[in-house]
Amino acid sequence: MIKQTELCYIGLGANLTEPVAQLQRAVAALAQLPACQLLHVSRFYSSKPMGPQDQPDYVNAVAALNTELSAQQLLQALQQIELEQGRQRKAERWGPRTLDLDILLFGQQQIDTPNLTVPHYGMKKREFVLYPLAEIAPNLVLPDGTALSQWLSAVPLNGLQPLQLVAQGTLCEGAPSDN
């Protein structure tokens, strides 16, 4: 029996404990997930924090993967990666963190459970999600039938900058933006 796979998009973000290295380790961990195949990863981007501004800027990216896991199984796997990289869950929303992995899209499914909302509830308004997502899936149509490009046109860059990784663990900020 052939298992069905879903094309998923995962948002990655970090602003503590060497955020570029955190995302690099997270991408490596995504590539090792059982019953999953990592397909694409966007460039890494620097973004301003959403919540309190007295925290470091974030590094963000989006990854695409095919998975045989259910959405709940994938969520558990992502939360395990976060924990392994030092994530401590706090009641504070939009605070600093070592690593945040969010399921943005899970195929064309719409999921609304107490611990998982897909499409991700805030993705339509977040430049640090939409621009990296558009980089790896420019023709994407969302489960509600709207084109990703429609959402992109309504969300400004808000200081979002691609990072140019020049060597392992080293980065050059201020790389020119394609947008």
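# Briefing on a predicted structure

At 17% relative accessibility, Thr146 counts as buried, a term that means under 20% relative accessible area, with exposed meaning over 50% and partly exposed in between (1.4 Å probe, protein chains only). The model is predicted, so local features need pLDDT of at least 70 and side-chain atom pairs count only at pLDDT 80 or more, while totals for chains, interfaces and linings use all residues. Residues are numbered from 1 along each chain as its sequence is written, and side-chain values use heavy atoms, with hydrogens and water left out. Helices (H or I, at least four residues) and strands (E, at least two) are DSSP runs, numbered from the N terminus.

## The surroundings of Thr146

- Thr146 is located in the loop between H3 and helix H4 (148-152).
- The side chain of Thr146 makes polar contacts with the side chain of Asp144 at 2.7 Å and with the side chain of Trp151 at 3.5 Å.
- A polar contact is a pair of N or O atoms within 3.5 Å; within protein, one must be able to donate a hydrogen and the other to accept it, and residues adjacent in sequence count only if both atoms are side-chain atoms.
- When neighbours within four places in sequence are left aside, Thr146 is in contact (heavy atoms within 4.5 Å) with Leu140, Val141 and Trp151.

## Nonpolar cores

- The largest nonpolar core contains 31 residues, and those with the most contacts inside it are Leu12, Leu23, Leu30, Leu74, Leu101, Ile103 and Phe106.
- At least two residues of this core come from each of strand E1 (6-14), helix H1 (19-31), strand E4 (58-67), helix H2 (71-84), strand E5 (100-106) and strand E7 (116-118).
- H2 gives the most to this core, namely six residues.
- Another core, of 22 residues, lies apart from it, and its members include Leu133, Ile136, Leu152 and Leu160.
- A nonpolar core is defined as a set of buried Ala, Val, Leu, Ile, Met, Phe, Trp, Tyr and Cys residues joined through side-chain atoms within 4.5 Å.
- In soluble globular proteins, nonpolar side chains tend to be buried together.
- Residues up to four places away in sequence not being counted, Leu12 touches Leu23, Ala26, Val27, Leu30, Val59, Asn60, Ala61, Val62, Ala63, Asp100 and Leu101.

## Strand E5 and its pairing

- Six of the seven residues of E5 are buried, so this strand is largely enclosed by the rest of the structure.
- E1 and E5 run antiparallel and are joined by six bridges; two strands pair if DSSP finds at least two bridges between them.
- Cys8 has Phe106 as its bridge partner in E5.

## Salt bridges

- Three salt bridges are found in a search of the whole structure, each being a side-chain nitrogen of Lys or Arg within 4 Å of a carboxyl oxygen of Asp or Glu.
- One of them joins the side chains of Glu135 and Arg43 (3.2 Å, N to O).
- Glu135 lies in helix H3 (residues 127-136) and Arg43 in the loop between strand E2 (36-41) and strand E3 (45-47), so this pair ties together parts that are 92 residues apart in sequence.
- Glu135 is partly exposed, at a relative accessible area of 31%, and Arg43 also counts as partly exposed, at 29% relative accessibility.
- The side chains of Asp57 and Lys48 meet in a salt bridge (3.3 Å, N to O).
- Asp57 is partly exposed, with a relative accessible area of 31%, and Lys48 counts as partly exposed at 40% relative accessibility.
- Arg97 forms a salt bridge with Asp100, in which the closest N and O atoms are 3.5 Å apart.
- Both Arg97 and Asp100 are buried.

- Most residues other than glycine have a negative phi, and most peptide bonds are trans.
- Thr17, in the loop between E1 and H1, has a positive phi near 50° and counts as exposed at 53% relative accessibility.
- Glu18, found in the loop between E1 and H1, has a positive phi near 55° and counts as exposed at 60% relative accessibility.
- Val118 and Pro119 are joined by a cis peptide bond, with omega about -5°, and Pro119 has its place in the loop between E7 and H3.
- His120 lies in the loop between E7 and H3 and is buried, with a relative accessible area of 10%.
- His120 touches Asp102, Ile103, Leu104 and Arg126, not counting residues up to four places away in sequence.
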